[in-house]
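Here are a few exercises to work through with the model in view. Try each task before you read its solution.

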Amino acid sequence: GYGTRPFRFLSVVLGIIFVFAFFFSFHVDQFEPPPDGGFGFYLFFSLTTFIAAGVEGVHPNFDGWLKHVVAFESFLGILLMTFLIVMLARKFWHHGE
């Protein structure tokens, strides 16, 4: 069943997004400009960083260490979205046979 359960994979992806959002919410001082929103902002930031590699207008402080965490989340997003596309293609390719 490896590579044929996209909903399990999506739940792992959502878990990763929530973990990064939770982590970002504790490091408000590392953002430029500092966000004034609640957890919803960090969830949005994490989701857009995972899917599209960032949010326009808000970024981690370039002198701080959080930029490395954001870059790692972007890398994970690109890698896991590639795996998802391959998984779905395999599922539909084998489903038609």
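Contact here means heavy atoms within 4.5 Å. This is a predicted model, where local features need pLDDT of at least 70, side-chain atom pairs count only at pLDDT 80 or more, and totals for chains, interfaces and linings use all residues. Residues are numbered from 1 along each chain as its sequence is written, and side-chain values use heavy atoms, with hydrogens and water left out.

**Exercise 1.** Find what F50 touches, not counting residues up to four places away in sequence.

Now place F50 in the core. A nonpolar core is a set of buried Ala, Val, Leu, Ile, Met, Phe, Trp, Tyr and Cys residues joined through side-chain atoms within 4.5 Å. Buried means under 20% relative accessible area, exposed over 50%, and partly exposed in between (1.4 Å probe, protein chains only). The largest such core has 21 residues, and F24, F31, F45 and F50 touch the most other members. Two or more residues each come from α1 (6-25), α2 (39-52) and α3 (66-95). Helices are DSSP runs (H or I, at least four residues), numbered from the N terminus.

**Exercise 2.** Classify the ring pairs F20 with F72 and F41 with F45.

*Solution.* First, the rule: rings of Phe, Tyr and Trp (its six-membered ring) pair if their centres lie within 6.5 Å; planes under 30 degrees apart are stacked, over 60 edge-to-face, and the rest tilted. That rule gives eight aromatic pairs.

Next, F20 and F72: the centres are 6.4 Å apart and the planes at 50°, so this pair is tilted. The pair joins distant parts of the chain, with F20 in α1 and F72 in α3, 52 residues apart. F20 is buried at 12% relative accessible area, while F72 is partly exposed at 45%.

Then F41 and F45: with centres 6.2 Å apart and planes at 25°, they're stacked. Both sit in α2, four residues apart, about one turn of the helix, and both are buried.

Finally, zoom out: ring pairs link F20, F23, F24, F41, Y42, F45, W65 and F72 into a cluster.
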